[in-house]
Amino acid sequence: MSELKTNKISTNDGNNVAMDDPLRLKNYTTNQKNALTSVAGDLVYDTDLDKAQIHNGTSWGDIGETDRALDIDFLVVAGGGSGYWSYGGGGGAGGYRSSWNNETSGGGASSETAHIVAAGQNYTVTVGGGGSTSGAGGVMGNDSKFAGITSLKGGAAKAGAGYAGGSGGGGRHSSHTGGAGETGQGYRGGNANGVAGTSNGGGGGGAGAQGTDSVTQYGASGGVGQISTIITTAQATTYSVGEVSGSDVYYAGGGGGGLYRADPPSLGRKGAGGLGGGGDGGINSAAGNQLSAQSATVNTGGGGGGQGNAGSAAGSGGSGVVILKWLTDVATMGATRTGLTDSGIQTDGDYSYIIFTAGTGTVTFS
């Protein structure tokens, strides 16, 4: 058990604690420090380096006049998976992780805490692309990252059970199940249920809800995405990220399932993509008429729509997005961001923010 021993502690101006002697951090060698089971915010003094260090949840960083710890809020959405082309399930949305404003993360998880970074160090940012289609489809999305935060690629629909991912892809045809979603990032895809005269796929999972299971003569809907207020609807529209619906901005909606032998192939029967950029599912009728499956919206992490049967491709997944936000008077982002496409540093009241829409590179803070 640890002990705190002191001869004198007094209050200062009624708000702070004052001590007569310096506060001494626990001393460790580098090897001892690295052997610790550490969490973000832990402070130690490394006797080999002669430096005080703070743990950011992933690694140790120096603390000093230019190397201080900074809190950075984040929204990290991975690329969505594509749908499948024949009796196809919808693609699963990319994984969704957020620390902003105590808002829910994907899969119904609680908000994460702001990420602690050390000033002057390089941190990787990657915006994951969506799963592409070229006829058959069934392609997973790609991971998105900021520092130690990784959102997992969306699960694709395929010829059978949907792939697991950030959110799972929908099941295909008669009795295949939807893929699982990742805990803390998204939900599972919907199941495909075999019905005489009708074959259709389950909806792709979304960050905010499961994809629906298929039913007779109607396409299965993709799971709804998650609402975030890290940027406003006006800002989302300006930079073409997320899906704006009323006063909300949604990300990571699942793709709608494909439907076969719907007569007629009306819009009212298609599997709708989930709010958050999910693509609508397509329809093929017994008479050969069809409605094409739709791709997910870029920079939403949405899943692509599945197609009813042979005749056209399924929808591709939407690329992800990384949004970082911090108090302007506490931190400044460095100007060099080679390899990344971004909005530039913007201000919003007391905060600054930046939206990354493509690429991979590093960022620094001071």
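D348 counts as partly exposed, with 26% relative accessibility (partly exposed sits between buried, under 20% relative accessible area, and exposed, over 50%, using a 1.4 Å probe and protein chains only). What you're looking at is a predicted model, where local features need pLDDT of at least 70, side-chain atom pairs count only at pLDDT 80 or more, and totals for chains, interfaces and linings use all residues. Residues are numbered from 1 along each chain as its sequence is written, and side-chain values use heavy atoms, with hydrogens and water left out.

**Salt bridges**

- The count here is six salt bridges (a side-chain nitrogen of Lys or Arg within 4 Å of a carboxyl oxygen of Asp or Glu).
- D348 pairs up with K325 in one of these, and their closest N and O atoms are 3.3 Å apart.
- That pair ties together distant parts of the chain, 23 residues apart, with K325 in strand β20 and D348 in strand β22 (residues 346–348). Strands (E, at least two residues) and helices (H or I, at least four) are DSSP runs, numbered from the N terminus.
- K325 is buried, at 3% relative accessible area.
- Next up is K33 with D46, where the closest N and O atoms are 2.9 Å apart.
- K33 belongs to helix α1 (residues 30–34) and D46 to strand β4 (residues 43–46), so this bridge links distant parts of the chain, 13 residues apart.
- Are these two buried or exposed? K33 counts as buried at 4% relative accessibility, and D46 counts as buried at 0%.
- R188 and D213 make another bridge, with 3.8 Å between the closest N and O atoms.
- R188 sits in the loop between β12 (149–151) and β13 (199–200), while D213 is in the loop between β13 and β14 (226–227), 25 residues apart.
- R188 is partly exposed at 27%, and D213 is partly exposed at 31%.

**Nonpolar cores**

- The largest nonpolar core has 22 residues, and F146, L324, F356, V363 and F365 have the most contacts inside it. Such a core is a set of buried Ala, Val, Leu, Ile, Met, Phe, Trp, Tyr and Cys residues joined through side-chain atoms within 4.5 Å.
- Elements giving two or more residues to this core include β7 (69–77), β20 (321–327) and β23 (351–363).
- β7 gives the most, with four residues.
- Leaving aside neighbours within four places in sequence, F365 is in contact (heavy atoms within 4.5 Å) with residues including L70, I72, V117, L324 and W326.
- Another core, of 17 residues, lies apart from the largest one, and A93, Y96, A236 and Y251 are among its members.
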